[in-house]
Structures are given as structure tokens and as C-alpha cells.
Amino acid sequence: MSTALINSLTYYLSEHPYIVGFRWSNSQSWGSTWSFLFTSISLYIAVSSSLHILLSAVLRRNRSVPLGHIPEIHSLLMSILSATIFAGILLSAAAEIRDTRWLWRRSKTATPLQWLLCFPLGTRPSGRVFFWSYAFYLTRFLHMFRTIFAVLRRRRLAVSQLFCNSVMAFTSFLWLEFSQSYQILAILSTTLVYSVVYGYRFWTGFGLPGSAFPSFVVNCQLVLVGCNLVSHAGVLTMHLFKGGCNGIGAWGLNSVLNGAILLLFLNFYVRMHSPMRRRINNTSPELDLQANVTLKN
């Protein structure tokens, strides 16, 4: 029974004809145009800002809009989607390594880790791993609803929150548009943490006991930042000494954007652990998962 279940999951997550035959293109992939990307980001900023201004003018100070358990249901959905994408891209990467390893001799790629860090030049956005990269890109727009929840619940809207969510969608788009290297490891690490953190938010949202660690979400982000800084060095080394990595220009642009967000995260982390901040009762971090963008490069 367990073997049949595993085989069935493997088929539907990595061997289904639609997944194997996926191709990122304007005609076949919804949301794959530059106009859609910029329109969506502009609409997100406009709606969030307008809602914030409207509620600030209409509602009394510190009064929130009741949302019931909608944010918790959203967290559960994001946790399930993240876990599914994690499993899907993990199985798909293993399948791609199995099926294409014989081609690596042409690109100086010797090990699976080198392939995960550095796609060979000429890689096109098609096949298993790019299907799950596309799924991850679409979930960035679902993640934006957390901004709406924050405005409705606390009537707070930070520019850094808008910037971070916009960058998350933009960089995910670049991964697909330019077949950018390193995206598999980035998606694996991000979805692993998202599944845990969103599950944690769903758990605590219903009043169930939380972690014994006071800053669970931020600590998860910090671990991700450290891991991805190390991986950056690997990508750059592969590009310089192994004949080049595909999509390195997009990787460079992402690195600049994520460097700015890394500074926002470090500033937030330092302020959160300052002596004055320690006197305040433990609350949910305002930046939510925004600092997680530091691994989109």
C-alpha cells in the first residue's frame, strides 16, 4: 500500500504529462507577460494604499475590521501549497538529474550540486522544475493577501512590506523568463520554511500553544539568510570557473534587489533585539515573511 501511494505521488508530482511537457511562454502560461507582472504589482500597491487611506479616514483609532478565521485559512492554504511545491520540485529535480545527466559533459557540470547551483548555458524554461517554479511564482500573488489582512486588522501599511512583496513577484518572474540558475535551491528552502511558518501561524491563530522560542518566524528567516549567503558564493564561483551559468544577468539584478531587502531585514532584526524592544511583550513580527525575499536570487 505504501509503495503504491509513493508511486502515485511521484507520478502526479513529477511524471504527469502536463508537468513533463510544461513550457513557459506567453501563449501557454497565464501571467507570463511583462505587462501582467507590472500591472499586477501596480494594482497590489494601489489597492493596499487606497484601503489603508480609506480605513484611516473612516474608522476610529485602533479599530480593526473583523476577519474571523480568514487569515488562518489563508495560512493553512499557503502551508499546504508550499509543502506541495517543495515535494514537487524535489522529485522533479531528482528526475531531471536522472534524465539529463548524460548531457552534462558538454557544459562542464560534474555533480548534481553544480547543476542545482548553475544551469548550463542555453537552458530553456520548460519541463518539470520550471512547472513548479511557475507554481511558486503564482503563489507570490496569494502571499500578497497578507498585506490586506494587516491593513484590515491593524490599519498599518509599511512601504517595506509593499516593496518586499513586489520584489518577490518580480524575482520569481525573472527565474522563469531567463531560466535563472539557482532557483531550485531557492524554491526548496523557501517552500520548506513557508510550510512550517504558515502552519505555525495557522496553529497559533486558533489560540493553540506556540513555540517556546519568542521569535520563531524571524529565526527561521535568519537561518535562510545564512544558508543562501553561502550558496551565493557557490553560484558566483561556478559562473567564473565553470564556463558560465544561465541567466546570470537576472541573478545579478535579483542580488541587487535582495541586497536592499537584506538591509531592511538586518535593520528590523537589530531593532527587534534591542534592549528597548525586549521590554515590549512578544508580538508577531511586522515584517511577516518579507525578509524571506533575501533568498530569491
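Predicted model: local features only at pLDDT ≥ 70, side-chain atom pairs only at ≥ 80, totals over all residues.
Local features need pLDDT of at least 70, side-chain atom pairs count only at pLDDT 80 or more, and totals for chains, interfaces and linings use all residues. Residues are numbered from 1 along each chain as its sequence is written, and side-chain values use heavy atoms, with hydrogens and water left out.

Q: Why is the pair R98 and E15 called a salt bridge?
A: The term requires a side-chain nitrogen of Lys or Arg within 4 Å of a carboxyl oxygen of Asp or Glu. The closest N and O atoms of R98 and E15 are 3.2 Å apart, so the pair meets the cut-off.

Q: Why is R128 called buried?
A: Buried means under 20% relative accessible area, exposed over 50%, and partly exposed in between (1.4 Å probe, protein chains only). R128 has 7% relative accessibility, so R128 counts as buried.

Q: What makes E72 and R153 a salt bridge?
A: Their side chains meet at 3.4 Å, N to O, and the limit is 4 Å, so the pair qualifies.

Q: What makes a set of residues a nonpolar core?
A: Its members are buried Ala, Val, Leu, Ile, Met, Phe, Trp, Tyr and Cys residues joined through side-chain atoms within 4.5 Å. The largest such core here has 43 residues, with W24 and L37 among those with the most contacts inside it.
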